[in-house]
Amino acid sequence: MDVLFRASRLIADPEYHWGPRTPNLTGQTLQFWDYLDRHHPAVDYDGVSPDDLGRLYVRFHSSGDALPLNELRHYVDRVERDGWVHPATRHMTLHWKRHLDLLGVHDPGLMRDRPLAASTDEVVERLAAEGLCLDHRRHGGPVHLDGTRWGMPLRKVIGADGHANYLLVILRDLVPRLSPGRRVLLVYDDDLSHDYALLARMVDALGGRVERYPLGRVPLGGAVRSSRHGGWDDVTIDRLHRLCRKEFGPAAYRLGMRLYFIAMLKRTSGETFRPELLRRALARAERMLRDAGDDDPPGALPAGSSSARIATSVRPSGWVDPYRLTDGLFARRARPVPRSLLDTVYL
């Protein structure tokens, strides 16, 4: 995402849209917060390591001890009213922000509260007016997105208990921002493709011009599993950072991580994580930085050879494909990369 956004900014003026209230209103988050408050009410989470917080998350999912969402409305109200965040989530977010800074990744606003653009009622009314949802709330029932005109099944987005799932929360942030012809790129976990295919249809029906871009997860030990199942102890970002920085400098770390996770693993690779290949990417990054040319005039991006490299990676809808761009840099016979391009897009 970082390479996609920074490279696309060289040829357009994209808006990177993300907000913390979206994940914080999901049932999974609310139930985890409640689990922590019931089982660990006196914990000062500022003193808990990120790994231990992750283990609590795994323990929660294996416990089966999740209260019904209609009993957790008080958390929803606090998030909606003032953007409240549970201390455990705030601590973990600070940890992630620190690592994004070390990686040189654009911060989309991890610590900046931003209210959702519309209420639940406003979005449901808009969708209903376009024939895009079935609203049974007045009968004590749920709300479904209706994609049957495209051969898609109904998708429940608000339960009979009144809880809205993540799709409805996304629509609350997205629908008010749509205008005729506005281009939207949806980037998401490949496991959610069925939901985002429906979401894309909704955006298109409301006048947007939408494109989808699923990203695959990296297998560990040959298997793709959610973090809720554990098995990640040896490959946390803390451990990867310490491993890389023992031998390589900060610039090689930033570039090498991008080369490995973009050019070597690809977008939907089934290749399992391999530390030796990460080290190879870091060594290649170090050589690329040493050999980097400077054939672009200072401040000239996107000009010169950098412009040509960017142009070959632009998708028809106007954004830069980070995999195509990075593959070109990583090719064995590629010309030295202009340092201006590395600084602007990768470092």
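A pocket here is an open set of points on a 1 Å grid over the protein atoms alone, where a 1.4 Å probe fits, with protein on both sides within 12 Å along at least five of seven lines; lining residues have an atom within 4 Å of a point. This is a predicted model, in which local features need pLDDT of at least 70 and side-chain atom pairs count only at pLDDT 80 or more, while totals for chains, interfaces and linings use all residues. Residues are numbered from 1 along each chain as its sequence is written, and side-chain values use heavy atoms, leaving out hydrogens and water.

Start by selecting R73, T120, G162, H163 and A164: of the 16 residues lining the second largest pocket, these lie nearest its centre. The space there is about 190 Å³, a volume filled by probe spheres set on the points. Now show helix 5 (73–82), which gives the largest share of that lining, 3 residues.

Next, pick Y166 and Y196. Their rings form a tilted pair, 6.5 Å centre to centre with 40° between the planes (pairs have centres within 6.5 Å; planes under 30 degrees apart are stacked, over 60 edge-to-face, the rest tilted). Y166 sits in helix 8 and Y196 in helix 9, 30 residues apart. Y196 is buried at 9% relative accessible area (buried is under 20%, exposed over 50%, partly exposed in between, with a 1.4 Å probe and protein chains only).

Then jump to Y260 and F273: centres 5.8 Å apart and planes at 85°, so this pair is edge-to-face. Both residues are buried.

Finish on M257, whose contacts (heavy atoms within 4.5 Å) beyond four places in sequence include L103, I237 and L282.

Definitions and conventions:
Helices (H or I, at least four residues) and strands (E, at least two) are DSSP runs, numbered from the N terminus. Rings of Phe, Tyr and Trp (its six-membered ring) pair if their centres lie within 6.5 Å; planes under 30 degrees apart count as stacked, over 60 as edge-to-face and the rest as tilted.
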